[in-house]
Amino acid sequence: MRVFEKAPAKINLTLDVLYKRPDQYHEVEMVMTTIDLADRLELIEIQTDQIVIESESKYVPNDERNLAYQAAELIKRSYNITKGIKIIIDKQIPVAAGLAGGSSDAAATLRGLNRLWSLNISTHKLATLGAQIGSDVSFCVYNSTAIARGRGEKIMTLPTPPACWVILAKPSIGVSTPSIYQHLDLSNIDHPNTEQMIKAIQTNDYQLMIDHLGNVLESVTLKQYSEVGQIKTLMESSGADAVLMSGSGPTVYGLTRQESRADRIYNSLRGFCQEVFVVRLLGV
Ligand code: ATP
C-alpha cells in the first residue's frame, strides 16, 4: 500500500505583522499562494510500527526533527494507528528559504496518510492538526491561495491569482526566522495593503496584484544580508514587473507575464546565484 503526494512551495504575495500578542506570538496577515516547484513524497506502509524518513538531501533531518515525521506521528497518535510508515522525500524546494518546504512536506504527509489509511478527515480538521506542527502547515494543507491570520493558522481560501511566471533566486545563506522577527521594529512598519491584494485576486487584476506586493520582513532581512538586495536589484533591472522577498527570506522572487522575459531574468541571475528557478504560479 503506497500513495504519492506533491508538496508545493509557497510564496508570500503579502506579509504583514499587526502586533505582538500577550502570548508573545506576532499576529500576522499574509496572502500566500503555491508555485509549481514541489517536493514529491512517497508514503509506503511498512510491517513494523515505526516512522522511517528517507531523503537524499543532506539538509533534511531523517529523524523526529523532520516535519513530515512529526505529521505522521500526530496522525498515528490522534487516530490510534499502529501501522508503520516509510516516507521518501524527493526534495526539490530549497531548505530554510522562506518557501515553507518543511511545512509543505508535513501537510502532504497529513493528506497522504488520510488517503492511505482511509481516515476521512476533513481538510479543515487536517489544517487544525497541522497547526500543532507549525504555523505554515495549515496553509499548506489547503494547497491553494489563501489569506492566513492569527499565527498563520487561521485560513480563508481565495480564488486563483492572475496567471504569471515566477522567477526565484535563493542566495546561499541561511536565515533564522525568529531572529528576523526579533529585529522587526513594530513602531515603524510600512504595512502592505492586504485588502487591495485580495481585491486583485478576486478580480483577476494582474497590475493591481503587482502594485500591492509587500512584505514587512523584507527591510529587516535586507539590512542583515546584502546579497538579498543585490538579487532584488538584478531582478528589477532584468525586467521583472515586481520583486519581493518571500517569508523571512532569503529567497527573492520576481513576476512577469511574458515567458521570454522570465527566461531573460533567469539567465541574468544564474551567474550570480546557484539556486534559481522559473516556474508558474499555481494557486488552485
Ligand atoms: P517557512 O517559510 O515556513 O519559514 P522555510 O522555507 O524558511 O520555512 P524549511 O525549508 O521548512 O524553511 O526548513 C526550516 C528548517 O526545518 C530546516 O532547518 C530543516 O532542518 C528543518 N526541516 C524539518 N523537516 C524538514 C523537511 N521535511 N524539509 C525541509 N526542512 C525540514
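This is a predicted model: local features need pLDDT of at least 70, side-chain atom pairs count only at pLDDT 80 or more; totals for chains, interfaces and linings use all residues.

The chain's secondary structure comes to 10 helices and 11 strands. If you draw a box along the principal axes, the C-alpha atoms fill roughly 55 × 45 × 35 Å. How does the radius of gyration of the chain fit with a compact globule? For 284 residues, such a globule would have a radius of gyration near 19 Å, and the chain has 19 Å, so the two agree.

Now look for the ligand, which sits in the largest pocket. There are 20 residues around it, and the ones that come nearest are K91, A96, G102, D105 and D136. Sort this shell by class and you get 9 nonpolar, 6 polar and 5 charged residues. Which element gives the largest share of the shell? That's helix α2, residues 101-116, with 4 residues.

On the backbone side, a polar atom of A96 is 2.9 Å from an oxygen atom of the ligand. G98 also uses its backbone here, with an N or O atom lying 3.1 Å from a ligand oxygen. With D105 it's the side chain that takes part: one of its N or O atoms is 2.9 Å from a nitrogen atom of the ligand. How much of the ligand ends up covered by the protein? Taken alone, the ligand exposes 620 Å², and the protein buries 77% of that.

Last, the backbone. Most peptide bonds are trans, and most residues other than glycine have a negative phi. Against that background, two places are worth a visit. The peptide bond from G249 to P250 is cis, with omega near 5 degrees. You'll find P250 in the loop between β9 (242-245) and β10 (252-256). The other place is N80, which isn't a glycine but has a positive phi of about 50 degrees. N80 is in the loop between α1 (67-78) and β4 (84-90).

Methods:
Residues are numbered from 1 along each chain as its sequence is written. Side-chain values use heavy atoms; hydrogens and water are left out. A residue is near a molecule or strand if one of its heavy atoms lies within 4 Å of it. A polar contact is a pair of N or O atoms within 3.5 Å; within protein, one must be able to donate a hydrogen and the other to accept it, and residues adjacent in sequence count only if both atoms are side-chain atoms. Accessible areas come from the Shrake-Rupley method with a 1.4 Å probe; for residues, only the protein chains shown count as cover. On a 1 Å grid over the protein atoms alone, a cavity is a set of points where a 1.4 Å probe fits but cannot get out, and a pocket is an open set with protein on both sides within 12 Å along at least five of seven lines; lining residues have an atom within 4 Å of a point. A molecule sits in a cavity or pocket if more than half of its atoms lie within 2 Å of its grid points. Helices (H or I, at least four residues) and strands (E, at least two) are DSSP runs, numbered from the N terminus. Ala, Val, Leu, Ile, Met, Phe, Trp, Tyr, Cys and Pro count as nonpolar, Asp, Glu, Lys and Arg as charged, and the others, Gly among them, as polar. The radius of gyration is taken over C-alpha atoms; the globule rule is 2.2 Å times the number of residues to the power 0.38.
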